[in-house]
Amino acid sequence: MSSSHLTCFLLSAGMCSAVACSVRGLITRSATPAVGFSNAIYALLFYEFFTKPESRVGIVFTNINVSAREMAYLIVGLEALLLLFSRYHPIDSFGHLVGAAFGYWYAVKGSDLWKEFRDSQVQLLKLNE
């Protein structure tokens, strides 16, 4: 992933997550702000987890070493538990889950869409020459 591609990915993930959190806040009348960069970081982590699912990931300060896919499931489970059982916490678990979903979607479908868009823009530039 080039630096411009990474920048577009992170901005898109952050905007998608912020919009989803804002809509959720309007529906539930929640005052949890949708600020920060963590949702885009979740998207990047999950993109890496699902493009390289068999790579090994360690948990800091432990000797636990699991596959990237298992780590993804563990993180989603913990965030879902936080979302369901911790009503008043400063962490926006919904935003993290949206970021994770964006990273998963991009790993499965989004990178192909990006390549198609990039190729169509290159063809358009060639036609204009």
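Set aside neighbours within four places in sequence, and His96 is in contact (heavy atoms within 4.5 Å) with Ser38, Asn39, Tyr42, Glu79 and Ile91. His96 sits in helix H4. Helices here are DSSP runs of H or I with at least four residues, numbered from the N terminus. His96 counts as buried because its relative accessibility is 8%. Buried means under 20% relative accessible area, exposed over 50%, and partly exposed in between, with a 1.4 Å probe and protein chains only.

This is a predicted model, in which local features need pLDDT of at least 70, side-chain atom pairs count only at pLDDT 80 or more, and totals for chains, interfaces and linings use all residues. Residues are numbered from 1 along each chain as its sequence is written, and side-chain values use heavy atoms, with hydrogens and water left out.

How confident is the predictor? pLDDT is its confidence in each residue, from 0 to 100. The chain averages 84, and 91% of the residues score at least 70. Where pLDDT is low, predicted coordinates should not be read in detail.

Turn to H2. Its 14 residues reach 20 Å from first C-alpha to last, close to the 20 Å expected at 1.5 Å a residue. The expected span is 1.5 Å times one less than the number of residues. Buried residues of H2 include Asn39 and Tyr42, two of the His96 contacts. Phe46, Tyr47, Phe49 and Phe50 are also among the buried residues of H2.

Phe49 leads back to H4. Val108 lies 59 residues from Phe49 in sequence, yet their C-alpha atoms are 11 Å apart in space. Val108 belongs to H4, residues 93–128. With a relative accessible area of 40%, Val108 is partly exposed.

Now H1. Its 26 residues should span 38 Å at 1.5 Å a residue, and the end C-alpha atoms, 37 Å apart, agree with that. The buried residues are His5, Phe9, Leu10, Ala13, Ser17, Cys21 and Gly25. Arg29 follows H1, with a positive phi near 55°.

Finally, look at the surface. Leu84 is in helix H3, residues 68–85. Its relative accessible area is 63%, so Leu84 is exposed.

How values were computed: Helices (H or I, at least four residues) and strands (E, at least two) are DSSP runs, numbered from the N terminus. pLDDT is the predictor's confidence in each residue, from 0 to 100.
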